[in-house]
Structures are given as structure tokens and as C-alpha cells.
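Hi everyone, thanks for coming. Please have a look at the sequence and the structure before I start talking.

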Amino acid sequence: MPRTGLSALAIWLIAAVSTAQTPGTAGSNRVAILAEARALVDAGRPTTAIEKLTRLDAGDDPLVAELLGVAYYHANDPGKAIETLTPVVARLDAASLAGREAVQVLGLSHFLAGHLAESIPYLEQTRKLVPDDIKLAYTLGMAYAQTRQPAKAREAFARTFRIEPESAAAHLLAGQMMNRLELEDLAEAELQQAIKMDPKLPEAHYILAQIAIFRSRLDEALSLLRDELAINPAHAMALYRVGEVYSRQLKWDEAIAVLQQSLWMNPYFSGPYILLGRAYSKTGQPAAAEEMLRRAIEYDPNNKSAHYLLGQLLQQTGRSEEAKREFAIAERLQGDIKQ
């Protein structure tokens, strides 16, 4: 969240307080504490700022409450930020530094707390003030998507990446983001529109294929992956996914060929090695299977599937002590995942 410069805010605070009460020691002390608390927040020490601000009466002073809410936000306590800022935001001048900051922090706090619908009005108000802030546009896009407002989400994501909201690229970006959020129905609609507008748009067929694989529509996925590879034959992940589909269809020879192609494009990803280990094992090639699984572990030592499959292979080839070690590692990694 953008932070207001200390000097500008301190000058504004002094002016605001001087018009609100008769000058005196108490008022001067309050201004000093507010300025010090702001400096602490800006320095990444919000907990210390909270300790100082709670000595003041936040209920009678909206400026104290505003800064206290900001400090709670920066202390990763969005619930307390919301609780503190909600009663006071209407008491602040909407055009002031504190008023604008309160609205922004309320929007971000609601978003972090999972109150997506509640976050949107505050974030929209803030966007009017900083229309070119890409982080804010991204946050709004995520909130719109998760509240199932795809057109607004697409516009926000397009703003984030500075592209035309009604372009094929914008539909692709929106589909990618929605797929990440597991909103597959919305993602499919955006991606299909992207392909309709530009049939040769890279990545669109691939993401649709990922959704089809997730839903076990394997023939559809294979067709989409072939469409993607026709556009970009060097797409290592598309080749890997083709190998995954063939593996799930038990077409081991076809899987081996395409997984090897995937490795030629990207030899540093463990996924193809694991599938190749399984495919070689299924086709009676234990030495090749072991080599692939050990390569997978080399690139991803914490992959429990690779250790487990290697343990199975070693057990099948009579190397029980080595197998026990691999099974033990897989079990430990499984425990780490559950924790």
C-alpha cells in the first residue's frame, strides 16, 4: 500500500489539530505521538506504533483511530483494522490524506480478511484516485472474479497489464487468472472467447486443456493440446501434458516419446522424469525407470511421488534396504505436507 510521506502528513496533522482544539500541552503531545507513530509505521514497526497510539483516546479523535487502523493493517491484523476504521471513516474528510488512506486500508483489509464483496466499494473509490496503480487493479480484479463479475474482472486485469479490455489478450489473461482461482466455468468462457477472436493466440488452448484434464475429459484435452502445439511446437508444458494424458490412457509408448520431447525443451522440470519413470517401469525397462526417477529427485528432492515410485521400483528389483530408505523419505515428506 502506498504510504504518505511523513513531512506532508505531519504538517496536515498539525493544521487539523490546531483548528479542532485550543493549543496546549496535551494537543502538542498528541501531535507528537501521531507523528512518531506514523514514522514507526513507515519504518516497518507497526506493533510499536500501536502501543503508542493506544495511550491516546481513539474514540474522541478520528485521526488517532485512522492511524491506529493503518497500524493494525501493517501489523497483519486486518480484522482489527476493519474494527477500528469502520466507525471513523465517515468522520474523516474524504479528500484529506487520512480520509483517502482510511478508505484504501479498509478495502485492502476486507480483501485480506476474505470479505470480497465488502472490499470492492472501498477499492473502487481508491482506484479513482490512483487509476494507474497496477497492484490495486490486480487486487480489484481478483475481488471481481471471486464475486463472479467476469467483465469487471477482465477490465481490471487488462488495466494491470495495460492492454485493451475487449481484446483477445484480455480474455486470455482473465481466463488464466480465473483458472488459478478454480473458477473453471468462468475461465472456459473467457478462453473460448479469446480463441474465437484470435484462433492462433498462444496459451489459450493449453489452459483450456488443463481444465479438461482436471475434469477427466482426456480426448478433449488431447485435441486442445495438439492445437496449442500447432501454434507453438516447442511448448514444453504442452508436451508434458500430452504425456500425462497418454499415461492416464495407459498408452505408455506414446507417452515415452512425447515426454522425451518435453525434456528436450525443458530438462529442469521433474514432472516428465516422474512420468517417464512410471512409463519405463510399465514397459519392462527398470534401469531406464530408475534413471528417470533419480533425475526427478535430483531436480526436486522433496517430491514424495518420485521417492515413493523409486521405492516401489527398488523393491520390485530386490533392493529392499534401498527401497526402505526411499519409502521412509516419502512418508516423511507426506507428513510435512499434512502439517
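I will go through the confidence of the model, then some aromatic pairs, and then one threonine.

A word on the ground rules. This is a predicted model, where local features need pLDDT of at least 70, side-chain atom pairs count only at pLDDT 80 or more, and totals for chains, interfaces and linings use all residues. Residues are numbered from 1 along each chain as its sequence is written, and side-chain values use heavy atoms, with hydrogens and water left out.

So what is pLDDT? It is the predictor's confidence in each residue, from 0 to 100. The protein has a mean pLDDT of 90, with 90% of its residues at 70 or more. Over residues 1-26, though, pLDDT stays under 50. Where pLDDT is low, the predicted coordinates should not be read in detail.

Now to the rings. Rings of Phe, Tyr and Trp (its six-membered ring) pair if their centres lie within 6.5 Å; planes under 30 degrees apart are stacked, over 60 edge-to-face, and the rest tilted. How many aromatic pairs does this rule give? The count is five.

One of them joins tyrosine 240 and phenylalanine 269, edge-to-face, with 5.2 Å from centre to centre and 80° between the planes. Tyrosine 240 sits in helix 14 (residues 236-248) and phenylalanine 269 in the loop between helix 15 (252-265) and helix 16 (270-282), so this pair ties together parts 29 residues apart in sequence. Helices here are DSSP runs of H or I, at least four residues long, numbered from the N terminus.

Are these residues buried or exposed? Buried means under 20% relative accessible area, exposed over 50%, and partly exposed in between, using a 1.4 Å probe and protein chains only. Tyrosine 240 is buried at 11%, while phenylalanine 269 is partly exposed at 27%.

Another pair is tyrosine 268 with tyrosine 299: their ring centres are 5.8 Å apart and their planes at 85°, so this pair is edge-to-face. Tyrosine 268 is in the loop between helix 15 and helix 16, and tyrosine 299 is in helix 17 (residues 286-299), 31 residues apart. Tyrosine 268 is exposed, at 61%, and tyrosine 299 partly exposed, at 30%. Together with Tyr273, Tyr268 and Tyr299 form one aromatic cluster.

Last stop: threonine 139, in helix 8 (residues 134-146). Threonine 139 is buried, at 13% relative accessibility. Beyond its neighbours within four places in sequence, threonine 139 is in contact (heavy atoms within 4.5 Å) with Leu108, Phe111 and Leu123.

Conventions: Helices (H or I, at least four residues) and strands (E, at least two) are DSSP runs, numbered from the N terminus.
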